[in-house]
Amino acid sequence: MEDIEQKEVDPQAAETPYTVIAACSNEIMVKVLEAESPHTAALIIGCLPLEKKAAVFEQLLPHWSEDRQKMLMMELTLGTSELAVCMELIAADIAEKIKRLTEKRYIHIGGIDFISKTINLMDIPSRNAVFSLLKDANEKLYENVKADTFTFDDIVRLSDLAIQKMMRETDAVQLSRALVTAPADVKHKILQNMSKRAAAMLEEEIESIGHL
């Protein structure tokens, strides 16, 4: 049988289960080995470079019961071996588990920032309906989204300079749609920070959308 201790890994080699194992961080390796048998853990630790062996061994022990710790100690102290074909299968299984924890196999969408920006583009009735649904579903999450969402109440409290900057960064069509159902004081605050021509065009657009 091949001595597992001799199976050191060349980091420059093409990817194999052993290169995946060798390149894995100590934290991920420990997380994978936590659920394995002492025999499997001993085999995999035996494949690692010397410093990594010591680090993984040290970090793994606190996660195991005393009995499992003793079994692992015996495997490593007395030495262990495995059929080459079985070792290949074990290494491939461990490498696959490492990949599951490290590769981005899923695309994440959503989040507080995502929903806040989406809500900001809605008219007041739709926005209130979304807030109501969210509050009923999860009040703590509702509070977080509410705090991160820019509302018409915030606009009234802004300085003229801040409003002018905001309008330069806001799409005119989105602004007009948002103002269709906005309170009168909000519309006034926005319009007074625009030129007469731009304000007239915005009012015309708001009126046009309101008739749709």
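Visitor: Where is Ser176 found?
Guide: Ser176 sits in helix H12, residues 172-179. Helices here are DSSP runs of H or I with at least four residues, strands are runs of E with at least two, and both are numbered from the N terminus.

Visitor: Before we go on, what am I looking at?
Guide: This is a predicted model, where local features need pLDDT of at least 70, side-chain atom pairs count only at pLDDT 80 or more, and totals for chains, interfaces and linings use all residues. Residues are numbered from 1 along each chain as its sequence is written, and side-chain values use heavy atoms, with hydrogens and water left out.

Visitor: Okay, back to Ser176: buried or exposed?
Guide: Ser176 counts as buried because its relative accessibility is 0%. Buried means under 20% relative accessible area, exposed means over 50%, and partly exposed is in between (1.4 Å probe, protein chains only).

Visitor: Which residues is it in contact with, leaving aside its neighbours within four places in sequence?
Guide: Ser176 is in contact with Leu202, Glu205, Ile206 and Ile209. Contact means heavy atoms within 4.5 Å. Take Leu202: this residue is 26 residues from Ser176 along the chain, and their C-alpha atoms are separated by 6.4 Å.

Visitor: Let's zoom out. How many helices and strands does the protein chain have?
Guide: The protein chain has 14 helices and zero strands. Buried residues make up 33% of its 212 residues.

Visitor: And of the contacts between residues at least 6 apart in sequence, what share joins residues at least 24 apart?
Guide: That share is 70% for the protein chain.

Visitor: Why is helix H2 described as largely enclosed?
Guide: H2 (residues 26-33) is largely enclosed by the rest of the structure because six of its eight residues are buried. Those buried residues are Asn26, Ile28, Met29, Val30, Val32 and Leu33.

Visitor: What covers them?
Guide: The cover includes helix H1 (17-23), H3, H4 and helix H6 (84-102).

Visitor: How do the axes of H2 and H4 cross?
Guide: The two axes come within 9 Å and cross at roughly 50 degrees. That angle makes H2 oblique to H4. The crossing of H2 and H4 is right-handed. The contact uses Asn26, Glu27, Met29, Val30 and Leu33 from H2, with Lys52, Ala55, Val56, Gln59 and Leu60 from H4. By type, the residues of that contact divide into six nonpolar, two polar and two charged.

Visitor: Now H3 and H4: at what angle do their axes cross?
Guide: The axes of H3 (residues 38-47) and H4 (residues 50-60) cross at roughly 150 degrees and come within 8 Å. So H3 is roughly antiparallel to H4. The crossing of H3 and H4 is right-handed.

Visitor: Which residues meet there?
Guide: Ala41, Ile45, Gly46 and Cys47 in H3 meet Lys53, Val56, Phe57 and Leu60 in H4. The residues of this contact divide into six nonpolar, one polar and one charged.

Visitor: Changing topic: how many disulfides?
Guide: The count comes to zero disulfides, taking a disulfide as a pair of cysteine sulfur atoms within 2.5 Å. Cys24 is buried at 5% relative accessibility, while Cys86 is partly exposed with a relative accessible area of 27%.

Visitor: Last one: where does Met71 lie?
Guide: Met71 lies in helix H5, residues 66-78. Met71 counts as partly exposed, at 47% relative accessibility. Met71 and Ala42 are 29 residues apart along the chain, with their C-alpha atoms separated by 9.5 Å.

Conventions: Axes fitted to C-alpha atoms, helices over the stretch in contact; angles between N-to-C directions. Parallel < 35°, antiparallel > 145°, perpendicular 65-115°, else oblique. Left-handed = near helix turned anticlockwise from the far one by under 90°. Nonpolar A, V, L, I, M, F, W, Y, C, P; charged D, E, K, R; others polar.
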